[in-house]
Amino acid sequence: MAVAALTLAGLGVFFTPPTIAGADQSLVLTTPYPSIETQPGSIVKLDIAVTAGRPEPVDLAVDGLPAGWQATLRGGGFVIHSITSSPTGSKAALEIAVASDAQAGSYPMTVTATDGSGGRSSTPVTMVIAPEVNSGIRLTTDFPSLTGDPGGTFSYNLTVTNDTPAQQTFTFDPSGPEGWTVSASPSAEARAQTVTVEAGSASSVKVTATAPDSVDQGAYPIDVKVTGDNGAQGSIKLEADVTGTPKLVISTPDQRLDVSGRANSVARIPLVVANSGTAPLEAVKLAGSAPSGWEISFEPDQVDSVLPGETAQVTAVVKPSSKAVAGDYQVSVRSSAGSLSSNVDLRYALSGSRTLGILAVLVIAAAFAGLAGVFVKYGRR
């Protein structure tokens, strides 16, 4: 029995159960793209996989994240902090939001998986920030610059090309100057906010930008950005060239159209040439018409330029005919600048000449004096 016991004890050395390898020897964390080039303000999405010899909860963490950046782990539509490993690899997504003020350079960080027994596996991830990146998303247009008037709508037709190896759903982010209304949607559905493009395919997008009625003449930038599911971005800069339109209006300073004067005397009538448009008025010419025998001229007879929202003062010099009798007459004033024109009709109330009045009084007085003399001379008879 003693020999048997010794024999079994010796055999026990050879039949000792094998120890289970530590989790850090079988736990593996990987990502297919450990180094990615991107731009400031972008959102990068990475796939990660956690593989282990048996299913077990594994905590996930991201270390070395630069200040101002954000990292989010997602899985199954949720924000996650851990994942159950599997021999075939359990998959999750790492979403990294790059700070908008990130400087160009390389930013290394580490993604770590830790199991319940303390086993660890980590993989390095490096974000390379570059001013311009070929993300595989292209935005193009045949006419990046359009010309129009204040208050008009500028319409651009864009093409979104997906050169990535997977289908992408893109969202639009158009922007314009303050006061402008800018929108973007697929050409096939004006009310849609996204468009899905297969790998290697393209889709059309319509962008509209409406200018305010009071916008000044000049060129205005319209920026359009699209973002795919994987965080890849594409952008294009458009231009709306507002040419402006001048508007010519001529009137009296107080808007009254009644003027008055005397026969055979000069009347000076103040007028205002106004530009209520959004582009300068150039070479405004003045002309007028009056009854036969009357004279009309202007000081000055041409206004070289009137800026938008401003006015210029002119004077109409009217001299009625010496033979004109008292009454109401019409005097018309015309202004023109190229194809633009504006007219104003004035009612000219003409009163009799003082000289004629004095002569009439003298004649009447002489007549009465003559009658008085006749009565005096022949009245005694």
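**Close-up views of a predicted model**

**View 1. Ala-219, a partly exposed residue.** Ala-219 has a relative accessibility of 47%, so Ala-219 counts as partly exposed, a class that lies between buried, under 20%, and exposed, over 50%. The structure shown here and in the other views is a predicted model. Ala-219 sits in strand β18, which covers residues 218–227. Leu-146 is 73 residues away from Ala-219 in sequence, while the C-alpha atoms of the two lie 9.5 Å apart in space.

**View 2. The largest pocket and the residues at its centre.** The space in the largest pocket amounts to about 780 Å³. Its lining has 30 residues, and those closest to the centre of the pocket are Ile-36, Val-44, Lys-45, Asn-230 and Ala-232.

**View 3. Strands and residue classes in the lining of the largest pocket.** Strands that each provide at least two lining residues include β2 (35–38), β3 (43–51) and β8 (90–97). Strand β3 contributes the most, with 5 residues. By class, the lining of the largest pocket comprises 11 nonpolar, 12 polar and 7 charged residues.

**View 4. A nonpolar surface patch that includes Leu-371.**

Methods:
Residues are numbered from 1 along each chain as its sequence is written. This is a predicted model: local features need pLDDT of at least 70, side-chain atom pairs count only at pLDDT 80 or more; totals for chains, interfaces and linings use all residues. Side-chain values use heavy atoms; hydrogens and water are left out. Patches are made of residues with over 30% relative accessible area and no salt bridge: like charges are joined within 9 Å, nonpolar side chains (Val, Leu, Ile, Met, Phe, Trp, Tyr) within 5 Å. Accessible areas come from the Shrake-Rupley method with a 1.4 Å probe; for residues, only the protein chains shown count as cover. A salt bridge is a side-chain nitrogen of Lys or Arg within 4 Å of a carboxyl oxygen of Asp or Glu. On a 1 Å grid over the protein atoms alone, a cavity is a set of points where a 1.4 Å probe fits but cannot get out, and a pocket is an open set with protein on both sides within 12 Å along at least five of seven lines; lining residues have an atom within 4 Å of a point. Grid points are joined across faces, edges and corners, and a volume is the space filled by probe spheres set on the points. Helices (H or I, at least four residues) and strands (E, at least two) are DSSP runs, numbered from the N terminus. Ala, Val, Leu, Ile, Met, Phe, Trp, Tyr, Cys and Pro count as nonpolar, Asp, Glu, Lys and Arg as charged, and the others, Gly among them, as polar. Buried means under 20% relative accessible area, exposed over 50%, partly exposed in between (1.4 Å probe, protein chains only).
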